[in-house]
Amino acid sequence: MSEWQLFLDHLQDLDVMDAPSMKRIIDGTQLAKALNVKPGKWMTGALEICVAWQLRHPDVTDPSGAVEEVNKKRKELGITSS
């Protein structure tokens, strides 16, 4: 039981206890538009990158940083121009 408590304490320290209920800073439609591409298989990975970025920047409300993070990984995600 103490290992679970350590894990929960760690999540609390990271300030991610509310992560499952947080509103995403950007959705797939907005992301595709910002990148000027059509949605595709890449979207799942790209949105995961956006959520990770948002968790690292909890006070930021402008999604441009998350979009830039995805843009840096275009090749890795398989994002091609429309």
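Ile26 is placed in the loop between helix α1 (2–14) and helix α2; helices here are DSSP runs of H or I with at least four residues, numbered from the N terminus. At 5% relative accessibility, Ile26 counts as buried, a class that means under 20% relative accessible area, with exposed being over 50% and partly exposed in between (1.4 Å probe, protein chains only). Setting aside residues up to four places away in sequence, Ile26 touches Leu31, Leu47, Cys50, Pro63 and Val67, where contact means heavy atoms within 4.5 Å.

The model is predicted, and local features need pLDDT of at least 70, side-chain atom pairs count only at pLDDT 80 or more, and totals for chains, interfaces and linings use all residues. Residues are numbered from 1 along each chain as its sequence is written, and side-chain values use heavy atoms, with hydrogens and water left out.

**Helix packing and the nonpolar core**

Helix α2 (residues 28–35) and helix α4 (residues 64–72) have axes that come within 10 Å and cross at roughly 65°. The axes are lines fitted to C-alpha atoms, for helices over the stretch in contact, and angles run from 0 to 180 degrees between N-to-C directions. This crossing of α2 and α4 is right-handed, that is, the near helix is turned clockwise from the far one by less than a right angle. On the α2 side the contact involves Leu31, Ala34 and Leu35, which meet Val67, Val70 and Asn71 in α4. The residues of this contact divide into 5 nonpolar, 1 polar and no charged; Ala, Val, Leu, Ile, Met, Phe, Trp, Tyr, Cys and Pro count as nonpolar, Asp, Glu, Lys and Arg as charged, and the others, Gly among them, as polar.

The largest nonpolar core has 18 residues, of which Leu31, Leu35, Trp42, Val70, Leu77 and Ile79 touch the most other members. Such a core is a set of buried Ala, Val, Leu, Ile, Met, Phe, Trp, Tyr and Cys residues joined through side-chain atoms within 4.5 Å. Helices α2, α3 (43–56) and α4 each supply at least two residues of this core, and α3 gives the most, with 6 residues. Leu77 touches Trp42, Gly45, Ala46, Ile49 and Val70, not counting residues up to four places away in sequence. In soluble globular proteins, nonpolar side chains tend to be buried together.

Val51 lies in helix α3. Apart from its neighbours within four places in sequence, Val51 is in contact with Met22 and Arg24.

**Salt bridge and loop residues**

The whole structure contains 1 salt bridge, defined as a side-chain nitrogen of Lys or Arg within 4 Å of a carboxyl oxygen of Asp or Glu. The side chains of Arg56 and Glu69 form a salt bridge, at 3.7 Å from N to O. The pair links distant parts of the chain, with Arg56 in helix α3 and Glu69 in helix α4, 13 residues apart. Arg56 counts as partly exposed, at 49% relative accessibility.

Asn36 is found in the loop between α2 and α3. Although Asn36 is not a glycine, it has a positive phi of about 60°. Asn36 is exposed, with a relative accessible area of 62%. Lys73 is placed in the loop between α4 and α5 (74–77) and counts as partly exposed at 29% relative accessibility.

**C-alpha separations**

| Pair | Separation in sequence | C-alpha to C-alpha distance |
|---|---|---|
| Val51 and Ala66 | 15 residues | 8.0 Å |
| Ile26 and Asp62 | 36 residues | 9.0 Å |
| Lys73 and Ala32 | 41 residues | 14 Å |
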